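This report concerns a surface patch and a chain interface. The structure under discussion is shown below.

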Amino acid sequence: MDQLLQHALNALILGGTYALLGIGLTLIFGIMKLVNFTHGELYAFGAYMAYMAVMVLGLNFYLSLVVAVLLGVVLGAAIEFVLLRRLRAADIDTTMLVMIGAWIALQNAEQLTWTGVAKSIDNPFPSTPLVIGPVSVSYNRLFVFIVALALIGATYALINRTKLGKAMRATFQDRNTAALMGVNIDTIYMATFALGSGLAAAAGALLGPVFVVYPTMGDLASLKAFAIVILGGLGSIPGATIGGFILAFMEELGAGYISSGYRDGMGFLLIIVILLIKPTGLFAQKERIG
Amino acid sequence: MNQLTLLKLAGVALLYSVPLWMTDLYVLHILIITGIFIIAAMSLNLLLGYTGQLSLGHVAFFGIGAYVSSLMSLGFEVTLIGDLMVSVSRKPVWLAMLVAIAVAGLCGWVIGKISFKVRGAYFVIVTVSFAEVVRLVALNWVELTQGPMALNNIPALRLEFPGLFELSFLRKPMSYTLVLTVAVVSYILIRRLVHSRAGRAMVALRENEPLARSVGVDVTRYLVLATVVAAALAGAAGSLYAHYVRIVDPDIFLFIYTVTMVIMVVTGGKGTLAGPLVGGVIFGLLPETLRAMAIKPEVQWMIYGVLMVLVVYFLPEGIVPAVRNWWKRRNESRVAVASEPSSSGAAP
C-alpha cells in the first residue's frame with residue numbers, strides 16, 4: 001500500500017511536466033494543424049539552456065529557468081518565422097517533413113555543441129527528501145510540480161481570459177473566418193508556436209536538474225508528447241492536461257509492477273489501445289482528420 | 001523493345017558487372033548498404049508515394065525482418081507465459097529469410113488492419129509508436145533477442161545444390177550480386193503492382209479518397225495490401241542486412257533509419273518508380289562522401305536535416321518528376337521553335 005502511494009505521488013509529480021509538454025504540442029497542432037517534430041528538441045534546448053545558465057555562466061538557479069524558457073520562446077518564434085511562414089498553404093505531410101528536417105538539424109547541433117556526454121545541473125534544494133507519513137518526495141521534484149501547475153494555470157488564463165487567447169481560439173475554430181474578422185494569422189501562428197515551444201523548454205528546464213541532460217533526450221519527450229496529445233484528442237488542452245497525468249500514472253505503475261524496461265513503452269501501448277477503442281482520443285470535440 | 005527498356009537493361013547489366021572490375025572492397029561495401037536501403041526505400045515508396053500514407057514506422061518491418069531471419073538461422077529457445085517452451089533449431093539461411101519475409105508481411109497485415117482506421121497525423125503517430133514498441137521489445141526481451149548484447153555470429157547465406165555446386169554469399173562480391181538481384185526483383189514486383197488494377201486503386205485513393213470510395217474502391221483492402229507488400233519487402237531488406245553485417249542489435253529500430261528512408265523517397269520523388277533509386281543513391285553515397293571529407297557525423301546529420309528542408313522547399317515533388325518536367329518542357333519548346341521559327345519565346 002505504501003509502495004502504491006509512493007508510485008502515485010511520483011506519477012502526480014511527473015504528470016505536471018508531461019502535461020506541460022502535451023499542452024504545448026496540442027496547442028500547436030490544434031491551431032496550426034502542424035505535427036511538430038521539433039517539440040522534443042525545444043524540451044532538450046530548454047534543459048541545455050538551463051545547464052548553460054547555471055553551470056557555465058553561474059547564474060542564479062531560478063533566474064536560469066526564466067532565461068531558459070525565454071530563449072525557448074525566442075527559438076520557437078524563429079523556427080516559425082524562418083521555416084513555417086512560407087508553408088501556410090502546404091499540406092500536413094509537407095510541413096511534417098520540414099519539421100523532421102529541423103529536428104535532425106537541431107538535435108545534431110546540440111550534440112555538436114555539448115557533446116554526447118550527459119550533463120547534470122546543480123540545484124539549490126536540500127538533498128534530503130521531504131517525508132510525509134509513508135511517502136517521501138524530493139524538494140526539487142516538489143518545486144517542479146508547483147511551477148508546472150502554475151504554468152498550466154497561466155496557459156489556461158492566457159487562452160481563456162486574454163484577447164490574444166480569444167484570437168487563438170478563433171483561429172483554432174476557423175482560420176479563414178478569423179482572418180476575415182481582422183485576426184492577424186501570422187501573429188497568432190508565431191505566438192502559438194512560441195508559446196508551445198516555451199512550454200516545452202520550461203518542461204526541459206524543470207526536469208533537467210531532476211534527471212540528466214543529453215542530446216537525444218528530446219526524442220522520447222516528443223514521442224511521449226504525441227502519446228499524451230493523442231490520448232487527450234488532438235487540439236484539446238484539457239485533454240492534454242489529463243492525458244499527461246494518465247501517461248505518468250501508467251508509466252509509474254507499469255515500471256513499478258510490470259517491468260521497468262517497458263516504462264517508456266507504456267505511452268505507445270496506450271496510443272495503440274486508445275486508437276483501437278476511441279480513435280478521436282478521450283476529449284476531442286472535433287472530428288478527427290481524414 | 002524500345003530505347004528506354006534497352007537503356008534500363010544496359011544499366012542493370014552494368015550494375016551486375018561491378019564486382020568484376022571493382023576491386024576496392026570498401027566501395028563494394030558502400031554499394032551493398034546503399035542497395036539494401038534502396039530496397040527498403042522502394043518498399044516505403046509503395047505506401048508513401050502510391051497510397052499517400054506517411055508511415056513513419058517503416059524501420060519496424062526492416063528490423064523485424066533482420067531479427068526473425070537472424071533468430072531462425074541461429075536457432076533459439078524461449079519460455080513463453082505458462083512455462084511453454086518454444087525451441088527452434090538452426091535453420092538454413094534461405095529458409096530463415098523466407099520466414100522473415102513472411103513474418104514481416106504478417107506484421108504489416110496486422111498493423112495495416114489496426115492503423116488504417118485513422119489517417120493523417122493520427123496514422124503517422126500510430127506508426128511511430130509501433131516502431132518504438134518493437135524497439136523496446138527487442139531491447140528488453142533479452143531471453144530471445146539478447147537485448148543490447150546483440151545477436152552475433154549470424155551466418156551468411158549459403159545455397160547448396162547437392163551434387164551440383166554450392167554458393168556462399170559470405171564475401172562482398174557475392175553479397176553485392178545478391179542485394180542487386182533482390183533489388184531488381186523488388187523493382188519488377190513493385191512495378192507490376194503499381195501498374196495493375198490494385199496500383200490504380202491505390203493512386204485513386206491517394207488523390208481523392210471519398211471519390212475512390214464512392215466508385216467502389218475497397219479503400220482499406222488496398223491500403224492493407226500495400227502495407228503487406230511494403231512490409232514484406234522491407235523485411236527482405238532487413239534480412240539481407242542481418243546476414244550481411246552478421247550482427248543485429250536493437251539500434252536497428254532507431255527512428256533515424258525510417259527518416260533516412262523517407263528522405264530517400266521524398267528527395268527522389270514519391271510515387272515514381274525511379275524516385276527511391278535516385279534518392280537512395282544520393283543519400284546512400286552522401287554520408288560516405290561527407291565522411292571522406294572528414295566531416296563530423298553530427299555535421300553530416302545537420303546537412304541531412306537542412307537538405308531535407310531545402311528539398312521540401314525547392315523540389316517538393318522530388319528530383320525525378322522535376323527532371324521529367326524539365327525534359328518535357330525542353331522538348332515542347334524545341335517543337336514550338338521548330339514549327340514557329342518566327343516566335344522567340346518558349347512554349348509555356
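Predicted model: local features only at pLDDT ≥ 70, side-chain atom pairs only at ≥ 80, totals over all residues.

## Nonpolar surface patch

The largest share, 3 residues, belongs to α3(A). The patch lies on the surface and is formed by A:Met55, A:Val56, A:Leu57, A:Leu59, A:Leu63, A:Val66 and A:Leu70. Together these residues have about 610 Å² of accessible area. A:Met55, one of the patch residues, is located in helix α2 of chain A.

## Extent of the interface

Chain A provides 45 residues to the contact with chain B, and chain B provides 37 residues. The area buried between the two chains amounts to about 3,600 Å², with carbon and sulfur atoms giving 81% of it. Within chain B, the residues that lose the most area to chain A are B:Tyr122, B:Ile125 and B:Tyr313; together they make up 20% of what that side buries.

## Polar interactions across the interface

The rule for salt bridges finds 0 across the interface of chain B and chain A. For polar contacts, 1 residue pair is found, with both residues at pLDDT 80 or more.

## Composition of the chain B side

On the side of chain B that touches chain A, the elements giving two or more residues are α5 (120–140), α11 (255–268) and α13 (297–314) of chain B. Of the elements on this side, α5(B) gives the most, with 13 residues. By class, the residues of the chain B side comprise 28 nonpolar, 4 polar and 5 charged.

How values were computed: Residues numbered from 1 in each chain as written. Chains lettered and ligands numbered in written order. Heavy atoms only, no water. Contact = heavy atoms within 4.5 Å. Buried area = accessible area lost by both parts, 1.4 Å probe. Salt bridge = Lys/Arg side-chain N within 4 Å of Asp/Glu carboxyl O. Polar contact = N/O pair within 3.5 Å; in protein donor to acceptor, adjacent residues only side chain to side chain. Helix = DSSP H or I, 4+ residues; strand = E, 2+ residues; numbered from the N terminus. Nonpolar A, V, L, I, M, F, W, Y, C, P; charged D, E, K, R; others polar. Patch = residues over 30% accessible without salt bridge, like charges linked within 9 Å, V, L, I, M, F, W, Y side chains within 5 Å. Areas by Shrake-Rupley, 256 points an atom, 1.4 Å probe, with all protein chains shown as cover.
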